[in-house]
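The entries follow in the order of looking.

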Amino acid sequence: MSAAAASAFSLDSASLPCPVALLDRQGRVLQANALWPQDWRDDWAALLPVERQLLLQALGAAADFELNLQAGVVLQARWDSAQQAFVCVRQAALPGDAAKLESEARLAKFMQASMEGIAFHCDGVITDVNPPLCELFGYRPQELLGRPALDLVCPDERAKAAEIMQSGRELTYETAMLHRDGHPIAVELSVRSLACGGEILRMCIMRDIRERQATQARIQFLAHHDGLTGLLNRSAFMEQVQALITAPVAAPERRSMALLFIDLDNFKRVNDSLGHLEGDKVLKTVAGRISDCLRASDLVARFGGDEFVILLSDVHEQADVLVVLLALLAVVEVPVDADGHGLTVTPSIGVAMYPAHGARVEDLIQHADMAMYLAKAKGRASYCFYEASQADGAYAELVLESQLVQAIERNEFVLYFQPQVAAASGELLGAEALLRWQHPQRGLLSPDAFIDVAERHRLMLDLGAWVMRAAALQARAWHQHGVAPVRIAVNLSRMEFRLDGFAEWVAKLLHDLGVPGEWLELELTERMLMDEIASAPATLAALRGLGLTVSVDDFGTGYTSLAHLTRLPLDKLKIDQSFVAPLPADQGAAAIVRAVIQMAAGLGLQVSAEGVRTQAQRDLLVEWGCDGLQGELIGEPMSAQAFEHWTAQRA
């Protein structure tokens, strides 16, 4: 019977052979005949959740509809605009349609349960959509039904989508769809064909791949860029530079480029004192400042740690590079805000020119790096152009490094000892251990001939360990035999003092050799203490806890602040010989030496003077209250055997 006929008489009439009800747009039953099921009332308990959702969506559209539900039930609804209600007839499907209805019901459940966006279209017109698709594109279902499917495809992708639609191909591919507000959405689109009700439908399953693409883009970016600064990384920089070198040009003989190698001076202090998070902020700021100094055609990369490299293209002479160098020195030195403090970092820069200093990127980097170390040797905030003579020096250094390694293995090093005495009485207080290399060809070498190479190539750790062990063994021998029961002073290197667990290593060495800490003294420079000011107090306290004496060597030549001096657990200050040498004539040097002696006394520290060569110097130092003396007047550095003879003569 028609819906119009049903609305023309009472729904309770016995003449109606099937369940009939009058529903409003919210799914409330306004009227129903006796055959209408009780569980098909307002709560629709008999329906599955997905079926209830489909029903409410259809009712909200205010248009005729037909729903195929579970167990072969069909709900036909006709919209009566006069009554503003639906006349609904519940019927069982014909036996031949049961399988079809069950299949359609399963498909409807799948669409509603799927997390992916799903749409059906027939001949290019959308016939059905699920909620995830509507949410993905920002539409309500009724706004999509009946629209051309290609309307949802980005314009530059429509030709491909139309070709796939016309060919009927089944495939999965990536494309771009349009959100309601017009922005593109990257999706993975799977297209399949289905036969339904005598029609061929196209099912389109759309998966949002924006997050996946963003992850892939990030991975691709990090493969070629530094994750912290966003600059090129080492491998990408070298590839691009080599590509520029090998690229054909109209006049290759006229092409000239410059490679700059930048290292930030003493950057480890930033990380140690402020922490790596603040250090990273400084690196990002410096990276930005470097980039701002360059042209779009130039390349810049972070090589690792606090090292950066730059390629300046199309430079004609060193004067062109000098303009950039001066700009870099100026902008990098501008104080950086770090943990609320203005922190100044300075760069050391080495420069190699192409093609004069190398035809390969590896050669340019090596030569610029070599020049950078020479710039660093000049002091902070400096630059240096590579010269061929530097290569000769590098080769000599390579040979010396190899010889040093062999010297450690062959035990070619010896200790010399310079006596330290009480200023007033001349009593022997100790001896400073001084390293010498008994070179098989060059004879006895002082540290000036090899120590810089050892420090640059991390051989100082092995050398320092050898010196510490040899000094401890010598102290033990002299104490056991009563030759010179005094402390032996050992000079520490920067590399040793920075070593994690250095105090623990010293403790183990003393224990293994059976040497009390009181038999040794450790000498550190002011620069070392200030470079490690964050960790120095704890390390020094641990060393003093072992019984060792801690002294500051070459005092007055560094930049120790008085505030830091009071915080450091020290025992002695050693006045540098550069202040002692001009005495007594130089009034400025005299004023400095007297001030240091008075300050040390006020801080409760011992004070000794190095480089004492004349009796007049000794007399002045005694008069001013200096505790200890060391220098040629007392005794030159001498071998252990000579030192024993010297002490015997004094007895």
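Entry 1, burial. I take a residue as buried when its relative accessible area is under 20%, and as exposed when that area is over 50%. The model is predicted, and I read each entry with that in mind. I looked up W478 first. Its relative accessible area is 1%, so W478 is buried. I then looked up F643, which is at 0% relative accessibility and therefore buried.

Why does the pair of W478 and F643 count as stacked? I found the ring centres 4.9 Å apart and the planes at 15 degrees. Planes under 30 degrees apart count as stacked, so W478 and F643 form a stacked pair. I also noted where the two residues lie: W478 belongs to helix α15 (residues 460-481) and F643 to helix α24 (residues 640-650). They are 165 residues apart, and the pair links distant parts of the chain.

I list 17 aromatic pairs for the structure. One of them joins W36 and W40, edge-to-face, with 5.7 Å from centre to centre and 85 degrees between the planes. W36 and W40 are both buried. I also noted a cluster in which ring pairs link F413, W437, F450 and W466.

Which residues of α6 are buried? I noted A161, A162 and I164. They cover an arc of only 165 degrees around the axis, so they lie on the same side of α6. A159 and Q166 are exposed, on the other side of α6.

How many cavities of 30 Å³ or more does the structure hold? I found 1. The volume of the largest cavity is about 230 Å³. I noted 19 lining residues, of which H121, A149, M165, L189 and C204 are the closest to the centre. Helix α6 (158-167) returns here as one of the elements that give two or more residues to the lining. The others are the strands β6 (117-122), β8 (171-178), β9 (184-196) and β10 (199-208). By type, I recorded the lining as 16 nonpolar, 2 polar and 1 charged.

Methods. Residues numbered from 1 in each chain as written. Predicted model: local features only at pLDDT ≥ 70, side-chain atom pairs only at ≥ 80, totals over all residues. Heavy atoms only, no water. 1 Å grid on protein atoms, 1.4 Å probe; cavity = no way out; pocket = protein on both sides within 12 Å on 5 of 7 lines; lining within 4 Å. Points joined across faces, edges and corners; volume = space filled by probe spheres on them. Helix = DSSP H or I, 4+ residues; strand = E, 2+ residues; numbered from the N terminus. Nonpolar A, V, L, I, M, F, W, Y, C, P; charged D, E, K, R; others polar. Phe/Tyr/Trp six-rings, centres within 6.5 Å; stacked < 30°, edge-to-face > 60°. Buried < 20%, exposed > 50% of the residue type's maximum accessible area, 1.4 Å probe, protein only. Arc of directions from axis to C-beta.
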